[in-house]
Amino acid sequence: MDATIAQPDNFDYNLEMAYSLDFRRKVLSVREKKGLTIAEVAARFDVGVASVTRWVKNIHRKPQGFRQRKIDLEVLRQDIRDYPDAYQYERAKRLGVAQNAIFLAL
């Protein structure tokens with residue numbers, strides 16, 4: 001069995017989840033002091049242009065956490081008991097949500 005099957009195709013793939021606030025401040029500071037473009041500072045620090053563009057607009061990360069679920073899981077359980085052979089799109093219509101929401105909840 002080949003151990004590289006699950007490896008990403010591009011070896012520059014960044015496995016880190018997010019850049020620290022200190023690093024983002026450093027990147028923007030160097031950009032301002034040296035008068036670099038977004039593309040130049042992105043290449044210099046080996047980060048994506050989209051990341052630097054996002055940091056220029058708002059240096060703070062989006063809050064992470066659990067989303068508020070629209071589906072009441074107890075209502076979904078009852079629907080499954082009442083209609084055990086129903087399709088997901090039928091459940092979604094009855095519960096007033098998207099079919100993908102049913103898929104994720106199941």
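**Close-up views of the helix packing and the nonpolar cores**

**View 1. The contact of α1 with α2.** In this predicted model, the axes of α1 and α2 come within 10 Å and cross at roughly 130°, where axes are lines fitted to C-alpha atoms, for helices over the stretch in contact, and angles run from 0 to 180 degrees between N-to-C directions. That makes α1 oblique to α2, since angles under 35 degrees count as roughly parallel, over 145 as roughly antiparallel, 65 to 115 as roughly perpendicular and the rest as oblique. The crossing of α1 and α2 is right-handed, a crossing being right-handed if the near helix is turned clockwise from the far one by less than a right angle, and left-handed if anticlockwise. From α1, residues F23, K26, V27, V30, R31 and K34 meet I38, V41, R44 and F45 of α2, with contact meaning heavy atoms within 4.5 Å. These residues divide into six nonpolar, no polar and four charged (Ala, Val, Leu, Ile, Met, Phe, Trp, Tyr, Cys and Pro count as nonpolar, Asp, Glu, Lys and Arg as charged, and the others, Gly among them, as polar).

**View 2. The contact of α2 with α3.** The axes of α2 and α3 lie 9 Å apart, and the two helices pack at an angle of about 120°; they are therefore oblique to each other, and their crossing is right-handed. On the α2 side, I38, A39, V41 and A42 meet V49, V52, T53 and V56 in α3, and the residues of this contact divide into seven nonpolar, one polar and no charged.

**View 3. The largest nonpolar core.** Ten residues, V27, L28, V30, L36, V41, A42, V47, V52, W55 and I59, make up this core, defined as a set of buried Ala, Val, Leu, Ile, Met, Phe, Trp, Tyr and Cys residues joined through side-chain atoms within 4.5 Å (buried means under 20% relative accessible area, exposed over 50%, partly exposed in between, with a 1.4 Å probe and protein chains only). Two or more residues each come from α1 (21-34), α2 (38-45) and α3 (49-57), and α1 gives the largest share, three residues. Leaving aside neighbours within four places in sequence, V27 is in contact with V41, F45, V52 and W55. Apart from this core lies another, of five residues, among them I71, L76, A92 and I102.

**Notes to all views.** Residues are numbered from 1 along each chain as its sequence is written, and side-chain values use heavy atoms, with hydrogens and water left out. Local features need pLDDT of at least 70 and side-chain atom pairs count only at pLDDT 80 or more, whereas totals for chains, interfaces and linings use all residues.

Note on methods: Helices (H or I, at least four residues) and strands (E, at least two) are DSSP runs, numbered from the N terminus.
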